[in-house]
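Dear colleague,

I am passing on the structure we spoke about, and my notes on it follow below. Please read them with the coordinates open beside you.

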Amino acid sequence: MSDRAWLFVYLGAVVILGFVHNEWIMFTCIIITVALGGGARFKIFTKALFVIALFNISISLSYIIYSFFVDVDIFALVLINLRAFAITLLTFTLVRRINLHKALEFNKILAILYGFTYAQIMLLKNMLYNYYDGLKSRGTTLKTSITKKQLQPLLTTLFGTMLHKSSEQSMGLCSRGLIDD
């Protein structure tokens, strides 16, 4: 199946998962998605579990606190957590399995937006690695003791640089007619 077909299958699956209110169907979707992960299925599963844990814990805790005051259905909480995990797992599996640029080639604007977004992600990722290397060269990492005095100027510069690079990307999109402010 082509990358574009997988993209539309993914979009349809996300819409269907939004309307399904059965936890067994969510479990089945998770199992099928794990099976589609290929050789990297456990790595994708672990990554999705780690990423979604913070979201699910915060939602679950607020829901549990809310249940002290109002009678709530616990299966709704299970369903919310399963739905978020299933969609995240599906997204990670899709990104791992297909070339998104090829999948979006049917629309030139979407392909360009994807290219700019991907370039922005790679740029910010490289900047974070460079700043982390800068911290390591000064003998301070996140694992060692770092003072607010050491960290504050670095973060100020990092966020300023990120904002500047984002502005450059935005101007690039405007110059190509993709953003009409």
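**The nonpolar surface patch**

The largest share of the nonpolar patch, three residues, is supplied by α6. Please keep in mind throughout that this is a predicted model. The patch covers about 500 Å² and is made by F8, L11, F106, I109, L110 and L113, and both α1 and α6 contribute at least two residues to it. One of its members, F106, is placed in the loop between α5 and α6. With a relative accessible area of 39%, F106 falls between the 20% and 50% limits and is therefore classed as partly exposed.

**Domains**

The chain is divided into two parts, with domain 1 running over residues 3-102 and domain 2 over residues 107-176. Taken over C-alpha atoms, the centres of domain 1 and domain 2 are separated by 28 Å.

**The largest nonpolar core**

The largest nonpolar core holds 24 residues, and among these L7, M26, I30 and L89 touch the most other members. The elements that give two or more residues to this core are α1 (3-19), α2 (23-36), α3 (41-67), α4 (74-97) and α5 (100-103), and the most come from α4, which gives eight residues.

**Two individual positions**

T93 has its place in helix α4. Is T93 buried or exposed? Its relative accessible area is 6%, and because this is under 20%, T93 counts as buried. When neighbours within four places in sequence are left aside, T93 is in contact with T33, L36, G37 and I44.

L128, by comparison, is found in helix α6, which spans residues 108-137. The relative accessible area of L128 is 44%, a value that lies between 20% and 50%, so L128 is described as partly exposed. Which residues does L128 contact, leaving aside its neighbours within four places in sequence? The contacts of L128 on that basis are with L158 and M162. For the pair L128 and L158, the separation is 30 residues in sequence, while the C-alpha to C-alpha distance in space is 8.0 Å.

With best regards

Conventions: Residues are numbered from 1 along each chain as its sequence is written. This is a predicted model: local features need pLDDT of at least 70, side-chain atom pairs count only at pLDDT 80 or more; totals for chains, interfaces and linings use all residues. Side-chain values use heavy atoms; hydrogens and water are left out. Helices (H or I, at least four residues) and strands (E, at least two) are DSSP runs, numbered from the N terminus. Buried means under 20% relative accessible area, exposed over 50%, partly exposed in between (1.4 Å probe, protein chains only). Contact means heavy atoms within 4.5 Å. A nonpolar core is a set of buried Ala, Val, Leu, Ile, Met, Phe, Trp, Tyr and Cys residues joined through side-chain atoms within 4.5 Å. Patches are made of residues with over 30% relative accessible area and no salt bridge: like charges are joined within 9 Å, nonpolar side chains (Val, Leu, Ile, Met, Phe, Trp, Tyr) within 5 Å. Accessible areas come from the Shrake-Rupley method with a 1.4 Å probe; for residues, only the protein chains shown count as cover. A salt bridge is a side-chain nitrogen of Lys or Arg within 4 Å of a carboxyl oxygen of Asp or Glu. Domain bounds come from an automatic or database domain assignment.
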